[in-house]
Every structure is written in C-alpha cells, then in structure tokens.
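Let's take a walk through a protein together. Keep the sequence and the 3D view open beside you, and look up each residue as we get to it.

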Amino acid sequence: MTDHPGAVSATALQSPFREVFRRHAAGVAIITATYEGRPFGFTATSVASLSADPPRFSFNMARTSSSWPAVANTNFVGVHMMSTDNEALAERFARSKDRFSGDDWSSGPHSVPLLHGVAGWLIGRISMRLSFENNAVVVAEVVAGDTGPDGAPLLYHGGSYGTPAATDYVI
C-alpha cells in the first residue's frame with residue numbers, strides 16, 4: 001500500500017532502477033584489504049572523492065560480499081583506479097574467487113594489498129562505516145598514494161567495460 005496517490009511500490013521500481021543505472025557510466029576501481037593475514041578485494045564502481053582537505057574517499061559495498069568481513073574488521077583499505085589496460089584485472093576481481101593469483105600485487109603500507117600497473121592507488125584509514133540494510137557506505141581518509149601509468153580510464157556501462165570517447169563540438 002502506498003502513502004499517496006500515484007506512488008509506485010519499491011518492487012515495481014526495481015526494473016527501471018536497474019535500467020537507469022545500466023545507462024550511467026561509472027569509473028572502475030578495485031578495493032583491497034587484509035584481514036587475518038589474507039588479502040581480500042573486489043571490483044567497485046561506487047568510489048567517489050569525498051573531500052580534498054583532508055583527502056577522503058568513499059565507496060559502497062554489499063555486506064553480503066565475501067570481502068565485507070575484511071572491510072568491516074580492518075583499519076585500512078586500498079582503492080586502485082583502473083585504466084583500459086587493467087580490464088582483465090577488474091574482471092578477475094569481479095568474477096573470480098582466485099583474485100590474488102599471480103605476481104601483479106604486493107603488500108603495501110599498513111599491509112594493504114597494492115595492485116601493480118594501475119592508473120593510481122590510495123591507502124585510506126577507515127573513519128566511518130555506515131550500514132544500511134544489506135549495504136554499507138565506507139569513508140576513508142587518505143594516508144598514502146601514488147599514480148601509475150597514464151592511460152584511458154576504464155568505465156562500466158550497460159553491463160560491459162569501455163572507455164570514454166571524445167566528442168567533437170564547436171564553442
């Protein structure tokens with residue numbers, strides 16, 4: 001039952017919600033953390049710059065994620081920005097259980113797993129976890145970071161990876 005005329009139920013809005021956000025291009029990142037001596041990580045499209053002074057970033061995640069125990073119980077996380085050269089890495093962290101196979105990572109500051117060859121990375125000290133139903137918003141203050149090779153940013157749009165294309169226009 002709705003509270004006002006013309007209101008639509010939450011269930012009826014799930015399909016339009018999914019379709020609208022499939023049309024929203026988002027930058028691709030990988031979040032990493034260490035918990036009980038093991039590396040954890042996942043691909044995310046919800047990373048955002050929160051403030052520049054002090055430098056902070058945020059991201060969202062499902063509390064049902066296999067990486068949630070690490071994020072929920074550690075003080076530091078890493079965020080790695082992906083370029084088009086990192087598409088296979090982003091796909092591995094999104095779909096595989098064997099995310100840290102190979103030699104494309106090492107232990108970084110505060111024992112946070114650092115991925116090699118990414119467009120840039122930041123290590124953040126978690127300052128807030130806001131749980132809402134089965135999801136969480138995490139805020140972290142930057143304590144370390146560096147840039148990597150310059151390249152086209154990796155985007156996620158319409159269920160697949162891509163890169164932005166310049167448009168021609170005259171001012």
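Predicted model: local features only at pLDDT ≥ 70, side-chain atom pairs only at ≥ 80, totals over all residues.

Residues are numbered from 1 along each chain as its sequence is written, and side-chain values use heavy atoms, with hydrogens and water left out.

So is Pro-16 buried, exposed or partly exposed? It counts as partly exposed because its relative accessibility is 39%; buried would be under 20% relative accessible area and exposed over 50%, with partly exposed in between (1.4 Å probe, protein chains only). Now jump 149 residues along the chain to Ala-165: its C-alpha atom is 26 Å from that of Pro-16.

Next, the strands. β1, β11 and β12 make an open sheet in that order, with antiparallel pairing. Its edge strands, β1 (26–27) and β12 (160–162), each pair on one side only. (Two strands pair if DSSP finds at least two bridges between them.) β1 and β11 (residues 155–157) run antiparallel and are joined by two bridges, and Gly-27 has Leu-155 of β11 as its bridge partner. Elsewhere, β4 (residues 48–52) pairs with β5 in the antiparallel sense over four bridges. These two strands form a hairpin with two residues between them, and Ala-48 stands opposite Ser-58 in β5.

What about the inside? A nonpolar core is a set of buried Ala, Val, Leu, Ile, Met, Phe, Trp, Tyr and Cys residues joined through side-chain atoms within 4.5 Å. The largest one has 18 residues, of which Ile-31, Phe-42, Phe-59, Val-71 and Val-77 touch the most other members. At least two residues of this core come from each of β2 (29–35), β3 (38–44), β5 (55–62), α2 (68–73), β6 (76–81) and β10 (135–147). Apart from it lies another core, of 17 residues, including Val-28 and Phe-100.

On a 1 Å grid over the protein atoms alone, a cavity is a set of points where a 1.4 Å probe fits but cannot get out, and a pocket is an open set with protein on both sides within 12 Å along at least five of seven lines; lining residues have an atom within 4 Å of a point. Grid points are joined across faces, edges and corners, and a volume is the space filled by probe spheres set on the points.

The largest pocket has a volume of about 1,200 Å³. Its lining has 31 residues, and Ala-44, Thr-45, Ser-46, Asn-60 and Tyr-156 are the closest to its centre. Helix α1, where we began, is one of the elements that supply at least two residues of this lining.

The second largest pocket has a volume of about 160 Å³, and among the residues lining it are Arg-38, Phe-40, Lys-97 and Phe-100. Finally, the structure holds one cavity of 30 Å³ or more. Ser-83, Asp-85 and Pro-149 are among the residues that line it.
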